[in-house]
Amino acid sequence: MRSHPAEYELVSPGSLAGVLKLLQREPGEWLPIAGGTEVMVQLSAGRLAAHRLVNIWDVTELRQITETTASLIVGGGCTFTQLREHAGVQRHFPLLAQAGSWTGGIANQNRATIAGNIVNASPAADSPPALLAYDAELELISANGTRTIAYIDFHLGYKRTALLPGELLLAIRLPKRFPGWFSYAQKTGARNAQAISKVCIAGVGKLREGRVEALQIGIGAVAPTPLRLRRIEEALLSAPLTENTIAEGRRILAREIAPIDDIRSSREYRGCVAANLLEDFLCRLAAFKEAA
């Protein structure tokens, strides 16, 4: 049953300080809303539990992308259109730009924000695999100050995060240390756009003298949270990418993920596709070295 708008309260403090003050004064009472793409889905379905909403769409500090010599800092309120079109994102973090092009249609990309995609904590979200592969850090802010957390530590369980009452996701910090690395991203879904992932994977890596020097892989929609495939990375480090080592990567993956059956796909399908995408990435990484 559709919710009635009269049942909800929306306020617009108009500044970051005003938003943080409100969240501190009544912790847990207010749901921050920026683009509103996920909130409107819940509202239409009658499932929006929060009845007090605070608008953060117009908070300038959340809408900036800043580039330094060492990193690129993406404000939590930046839209996927901004990510898709920003020259620095395209140059240094192409997998994130690619994820931006997968997130709904153009209208959704114009409204949906990177912080919303992260904080909503869907294991099938498009941006988390790229953020995991790139070693992203999150800057969280409250009226008491800021703190930084590695993105890999942010998701605590299905729809559970390390965000504390009164906190906002201020920015995502991405280290500029991937020049010359091979990058790979694939998403499987019912169609190319406006479809939730069945499996989504992003990886970066490089080889030296035929052996894996570095490897970082993120994957979504195959566990209660987005995953960094640490066991595979560790097992293949310093190894040549041969038929045997790639097969070993597939075997480790089967033990590392926990796909489910749901309306979009089956556990067996997700497991098979995830293994095939992992193999495709590793084979392409090996070929990339040969062409270098």
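This short talk walks through one predicted protein model, from its overall build to some of its side-chain contacts.

Let me begin with the ground rules. Because the model is predicted, local features need a pLDDT of at least 70 and side-chain atom pairs count only at pLDDT 80 or more, while totals for chains, interfaces and linings use all residues. Residues are numbered from 1 along each chain as its sequence is written, and side-chain values use heavy atoms, with hydrogens and water left out.

First, the overall build. The chain has 11 helices and 14 strands, where helices (H or I, at least four residues) and strands (E, at least two) are DSSP runs numbered from the N terminus. A compact globule of 292 residues would have a radius of gyration near 19 Å, and the chain agrees with that at 20 Å; the radius is taken over C-alpha atoms, and the globule rule is 2.2 Å times the number of residues to the power 0.38. Along its principal axes, the C-alpha trace spans about 60 × 45 × 30 Å. Of the 292 residues, 50% count as buried, a word that here means under 20% relative accessible area, with exposed meaning over 50% and partly exposed the range in between (1.4 Å probe, protein chains only). The chain exposes about 13,800 Å², and carbon and sulfur atoms supply 51% of that area; such areas come from the Shrake-Rupley method with a 1.4 Å probe, and for residues only the protein chains shown count as cover. If we take contacts (heavy atoms within 4.5 Å) between residues at least 6 apart in sequence, 62% of them join residues at least 24 apart.

A6 and D280 are 274 residues apart in sequence, and their C-alpha atoms are 51 Å apart in space.

Now to the aromatic rings. Rings of Phe, Tyr and Trp (its six-membered ring) are said to pair if their centres lie within 6.5 Å, and planes under 30 degrees apart count as stacked, over 60 as edge-to-face and the rest as tilted. By this rule the count comes to seven aromatic pairs. One of them joins F178 and W181 edge-to-face, with 4.9 Å from centre to centre and 85 degrees between the planes. F178 is buried at 8% relative accessible area, and W181 is also buried, at 12%. Both residues belong to one aromatic cluster together with F93 and Y134.

Which charged residue sits over the ring of W57, 4.2 Å from its centre? That is R63, whose charged end takes this place, and R111 lies over the face of W57 too, at 4.0 Å from the ring centre. A charge counts as sitting over a ring if NZ of Lys or CZ of Arg is within 6 Å of the ring centre and within 35 degrees of the ring normal.

Next come the salt bridges, each a side-chain nitrogen of Lys or Arg within 4 Å of a carboxyl oxygen of Asp or Glu. A search of the whole structure finds 17 of them. In one, E167 pairs with R147, and the closest N and O atoms are 2.7 Å apart. E167 lies in the loop between β9 and β10 (168-175) and R147 in strand β7 (residues 145-150), so this pair ties together parts that are 20 residues apart in sequence. E167 is buried at 9% relative accessible area, whereas R147 is partly exposed at 29%.

Another bridge links E248 to R251, with 2.9 Å between the closest N and O atoms; because these two residues are three apart in helix α10 (residues 243-256), about one helical turn separates them. A further bridge joins R250 to E279 at 2.7 Å between the closest N and O atoms. Here R250 lies in helix α10 and E279 in helix α11 (residues 267-291), so the pair ties together parts that are 29 residues apart in sequence. Salt bridges that share partners also join D135, R177, R228, R230 and E233 into one network.

I will finish with the backbone. A121 is not a glycine, yet its phi is positive, near 65 degrees; A121 is found in the loop between α7 (114-119) and α8 (128-133), where it is buried at 2% relative accessibility. K159, likewise not a glycine, has a positive phi of about 60 degrees, and K159 lies in the loop between β8 (155-157) and β9 (160-161), partly exposed at 38% relative accessible area.
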